[in-house]
Amino acid sequence: MTRCLSIALAIVLASCTTAPTQIRTIEVQVPVAVPCPAHLPEPVYSDTDAALLAAPNIFERVKLLLAGREERAAQDQMERAARTACEGQ
């Protein structure tokens with residue numbers, strides 16, 4: 001009887017083993033504070049006086065003026081975004 005009991009106990013204990021532990025990697029995204037620049041560098045636009053004077057005709061001058069306008073708009077947008085980000089800190 002004790003022998004049957006010990007065999008039953010061994011079977012019960014063997015069936016209680018846990019499954020192997022699974023290791024999972026979890027990516028956690030944390031915002032990192034970035035210092036605001038005190039002064040942004042002055043950009044160089046394509047419609048400088050020298051470039052306009054060197055343009056061979058009025059069509060090339062207009063192209064330079066339009067390119068400079070687009071560059072200024074993009075620069076203004078970047079500066080606005082930087083100011084908005086710095087105001088939130």
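Author: Setting aside residues up to four places away in sequence, Q75 touches P41, P43 and Y45. This comes from a predicted model.

Reader: What makes these touches count as contacts?

Author: Heavy atoms must lie within 4.5 Å of each other, and P41, P43 and Y45 are the residues that pass for Q75 once the sequence neighbours are set aside.

Reader: Where does Q75 sit, and in which residues does that element run?

Author: Q75 belongs to helix α3, which covers residues 58–87.

Reader: Why is Q75 called buried?

Author: The relative accessible area of Q75 is 12%.

Reader: How much of the chain is buried?

Author: Buried residues account for 7% of the 89 residues in the chain.

Reader: How do you know that α3 has the span a helix should have?

Author: Its 30 residues, at 1.5 Å a residue, should span 44 Å. The end C-alpha atoms lie 43 Å apart, so the two values agree.

Reader: What makes N57 a cap for α3?

Author: A side-chain oxygen of N57 lies 3.2 Å from the backbone nitrogen of F59.

Reader: Which elements does the chain have, and in what order do they run?

Author: There are three helices and zero strands. From the N terminus on, the order is α-α-α.

Reader: How many salt bridges does a search of the whole structure find?

Author: The search finds two. One joins the side chains of D47 and R72, with 3.0 Å from N to O. This pair links distant parts of the chain: D47 is in the loop between α1 (2–15) and α2 (49–54), while R72 is in helix α3, 25 residues apart.

Reader: Why is the D47 and R72 pair called a salt bridge?

Author: The cut-off is within 4 Å, from a side-chain nitrogen of Lys or Arg to a carboxyl oxygen of Asp or Glu. The N to O distance here is 3.0 Å, so the pair qualifies. At that 3.0 Å the two side chains are joined by a polar contact as well.

Reader: Are D47 and R72 buried, partly exposed or exposed, and how do you know?

Author: D47 has a relative accessibility of 13%. That is under 20%, so D47 counts as buried. R72 comes to 34%, and this value falls between 20% and 50%, so R72 is partly exposed.

Reader: Which residues is D47 in contact with, leaving aside neighbours within four places in sequence?

Author: D47 is in contact with L52, L64, L65, G68 and R72.

Reader: What makes R72 sit over the ring of Y45?

Author: The charged end of R72 is 4.2 Å from the centre of that ring. The distance limit is within 6 Å, so 4.2 Å passes. As for aromatic pairs, the count comes to zero.

Reader: Why is the pair of E60 and K63 called a salt bridge?

Author: Their side chains meet at 3.6 Å, N to O. With the cut-off at within 4 Å, this pair therefore qualifies. E60 and K63 both lie in helix α3, three residues apart, about one turn of the helix.

Reader: Why is K63 called exposed?

Author: K63 has 52% relative accessibility, and exposed means over 50%, so the label holds. E60, at 32%, is partly exposed.

Reader: How do you know that R69 is exposed?

Author: R69, which lies in helix α3, has a relative accessible area of 63%. That is over 50%, so R69 is exposed. R69 and D47 are 22 residues apart in sequence and 8.4 Å apart in space, C-alpha to C-alpha.

Terms used:
Residues are numbered from 1 along each chain as its sequence is written. This is a predicted model: local features need pLDDT of at least 70, side-chain atom pairs count only at pLDDT 80 or more; totals for chains, interfaces and linings use all residues. Side-chain values use heavy atoms; hydrogens and water are left out. Helices (H or I, at least four residues) and strands (E, at least two) are DSSP runs, numbered from the N terminus. Buried means under 20% relative accessible area, exposed over 50%, partly exposed in between (1.4 Å probe, protein chains only). Rings of Phe, Tyr and Trp (its six-membered ring) pair if their centres lie within 6.5 Å; planes under 30 degrees apart count as stacked, over 60 as edge-to-face and the rest as tilted. A charge sits over a ring if NZ of Lys or CZ of Arg is within 6 Å of the ring centre and within 35 degrees of the ring normal. The expected span of a helix is 1.5 Å times one less than its number of residues. A polar contact is a pair of N or O atoms within 3.5 Å; within protein, one must be able to donate a hydrogen and the other to accept it, and residues adjacent in sequence count only if both atoms are side-chain atoms.
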